[in-house]
Amino acid sequence: MSEESFTITDNRSGETVTVPIVDGTISSAALRELDKGMWFYDPAYMSTANCNSKITYIDGGNGILRYRGYPIEQLAEHSNFLEVCYLLLNGELPTEAEAEEWVHHITYHTYVHEDIAQFMKGLRYDAHPMGTLVSTVAALSTFYPEAKDISDPHNRLIQTHRLIAKMPTMAAFAYKNRLGLPYEYPVNHLGYTGNFLRMMWNVADPGYEPDPILTRALDILLILHADHEQNCSTTTMRTVGSSNADPYSAVAAATCGLYGPLHGGANEAVIHMLHDIGSFDNVTAYVEKVKSGETLLQGFGHRVYKSYDPRATIIKKTADQVFEVTGLNPLLDIAMKLEEVALNDPYFIDRNLYPNVDFYSGLIYEAMGFPMDMFTVLFAIGRTPGWLAHWQEMLDDPEQKIYRPRQMYTGPDERDYVPISNR
Ligand code: SDX
């Protein structure tokens with residue numbers, strides 16, 4: 001097949017250039033042959049590919065998601081979160097020996113410095129756990145000043161181990177702080193997710209063991225949240241990392257991006273919405289409010305998926321297993337009615353609005369006992385390996401440099417200063 005391309009003529013100079021089309025994408029380099037100073041106005045990067053990446057593939061039209069080529073459905077069924085962390089960061093599934101070494105390194109770094117544990121107590125007693133997490137991840141950068149040397153691959157790997165390992169500990173400590181309860185320190189024989197659940201729920205019971213079904217369900221949810229190509233928080237990670245900032249500062253920035261209700265904060269917003277709707281009978285009226293533009297249907301819509309988010313399908317299946325242990329979340333009926341009404345309403349169909357990863361995840365978290373303001377913290381634990389894999393890939397990419405887009409200036413022309421007495 002001949003190379004796909006289009007030809008463009010600049011009527012200012014009469015020059016013509018042929019622009020190759022590769023995988024439906026054009027490179028700015030070809031167009032800049034016409035005019036070195038040419039920029040592309042693309043608000044919110046809606047039509048911009050900012051990098052080449054081998055990590056995650058999404059086909060938004062067909063609801064396909066793959067990590068390093070492996071379909072998310074197979075990873076959710078057969079893998080575990082730490083193995084997926086390894087896959088995202090290394091590009092291949094680990095051998096048994098590699099997996100054993102990887103789990104050892106992560107397990108070894110689950111503790112935080114006691115001064116960090118103390119630092120977390122200095123925040124307001126009822127601080128939102130995401131605010132605590134963001135602050136504490138940034139504070140970690142002061143405990144590992146060597147992390148600034150991002151040119152040393154071994155140094156980058158140790159900080160990667162530390163960040164993946166410590167996110168659950170910081171999350172659980174933020175939760176315990178808010179309740180005025182003592183910290184439960186990591187006991188590493190439980191595995192990554194079981195250890196997190198013990199740190200969350202155990203109070204002074206040395207024999208505490210988390211429910212294995214709930215542990216597996218949460219591990220699957222962490223897998224589903226592990227990466228999603230150039231989403232807002234991952235682009236933030238790449239942007240901050242592109243200035244050669246240390247990975248703790250970059251992860252703290254990415255966590256801030258995730259905090260927003262249009263991004264990772266949506267899982268919390270969904271449950272607030274379902275509680276506001278309150279009953280099955282109020283669903284239709286709420287949908288009308290959404291269609292009037294008065295509010296959003298939280299957990300619906302996506303910049304890339306113009307079909308059902310494959311993660312939402314898996315989460316819905318996982319919910320059934322969780323509810324067998326915890327009892328049905330009464331909000332499920334409202335959520336399913338909301339989905340049914342929306343998927344049959346032209347307003348949502350015309351706008352390609354389907355449930356995304358956040359629509360059902362909060363129902364599981366709430367059924368498992370997590371308070372709503374912990375939901376996005378759980379998303380951050382899951383997304384940490386994705387952020388770090390993209391940070392690593394960006395640093396190793398010879399085409400990448402500090403992110404510094406331009407703008408279209410629409411402000412006032414030059415004008416002279418006016419003394420305040422004359423204003
Ligand atoms: C995540 O990018 C990622 O990959 C993110 C993520 C990941 O794994 O990292 O998948 C995680 O962030 C999932 C999304 C979670 N957010 C929400 O559920 C919040 C509700 N959703 C919307 O805010 C919205 O759908 C976005 C932000 C997710 C996507 O917004 P876009 O792509 O900018 O789409 P848009 O705002 O241009 O919407 C197109 C139209 C608009 O209507 P019109 O102006 O054309 O009339 O659809 C409407 C929007 O008003 N619309 C919605 C809607 N989402 C879009 N209307 C009602 N409810 C919604 N949820």
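Trainee: How many salt bridges does the structure hold?

Mentor: The structure holds 13 salt bridges, a salt bridge being a side-chain nitrogen of Lys or Arg within 4 Å of a carboxyl oxygen of Asp or Glu. The general idea is that side chains of opposite charge can pair when their charged atoms come close. Before we read further, note that this is a predicted model, in which local features need pLDDT of at least 70 and side-chain atom pairs count only at pLDDT 80 or more, while totals for chains, interfaces and linings use all residues. Residues are numbered from 1 along each chain as its sequence is written, and side-chain values use heavy atoms, with hydrogens and water left out.

Trainee: Which residue forms a salt bridge with D10, and is D10 buried or exposed?

Mentor: D10 pairs with R12, and their closest N and O atoms are 2.7 Å apart. For burial we use relative accessible area, where buried means under 20%, exposed means over 50%, and partly exposed lies in between (1.4 Å probe, protein chains only). By that reading D10 is buried at 10%, whereas R12 is exposed at 57%. D10 and R12 also belong to a network of salt bridges together with D35.

Trainee: Which parts of the chain does the salt bridge between D396 and R156 tie together?

Mentor: The side chains of D396 and R156 meet at 3.1 Å, N to O. D396 lies in helix α18 (residues 375-396) and R156 in helix α7 (residues 153-179), so the pair ties together parts that are 240 residues apart in sequence. Helices here are DSSP runs of H or I with at least four residues, strands are runs of E with at least two, and both are numbered from the N terminus. D396 counts as partly exposed, at 49% relative accessibility, whereas R156 counts as buried, at 8%.

Trainee: What contacts does the side chain of R311 make?

Mentor: R311, found in helix α14 (residues 310-326), forms a salt bridge with D309, with 2.7 Å between the closest N and O atoms. R311 is buried at 2% relative accessible area, and D309 is buried at 1%. The side chain of R311 also makes a polar contact with the side chain of H228, at 3.4 Å. A polar contact is a pair of N or O atoms within 3.5 Å; within protein, one must be able to donate a hydrogen and the other to accept it, and residues adjacent in sequence count only if both atoms are side-chain atoms.

Trainee: Which residues come nearest to the ligand?

Mentor: A residue is near a molecule if one of its heavy atoms lies within 4 Å of it. Of the 23 residues around the ligand, H228, H302, R303, R311 and R383 come nearest. By class, this shell has ten nonpolar, eight polar and five charged residues.

Technical notes
Nonpolar A, V, L, I, M, F, W, Y, C, P; charged D, E, K, R; others polar.
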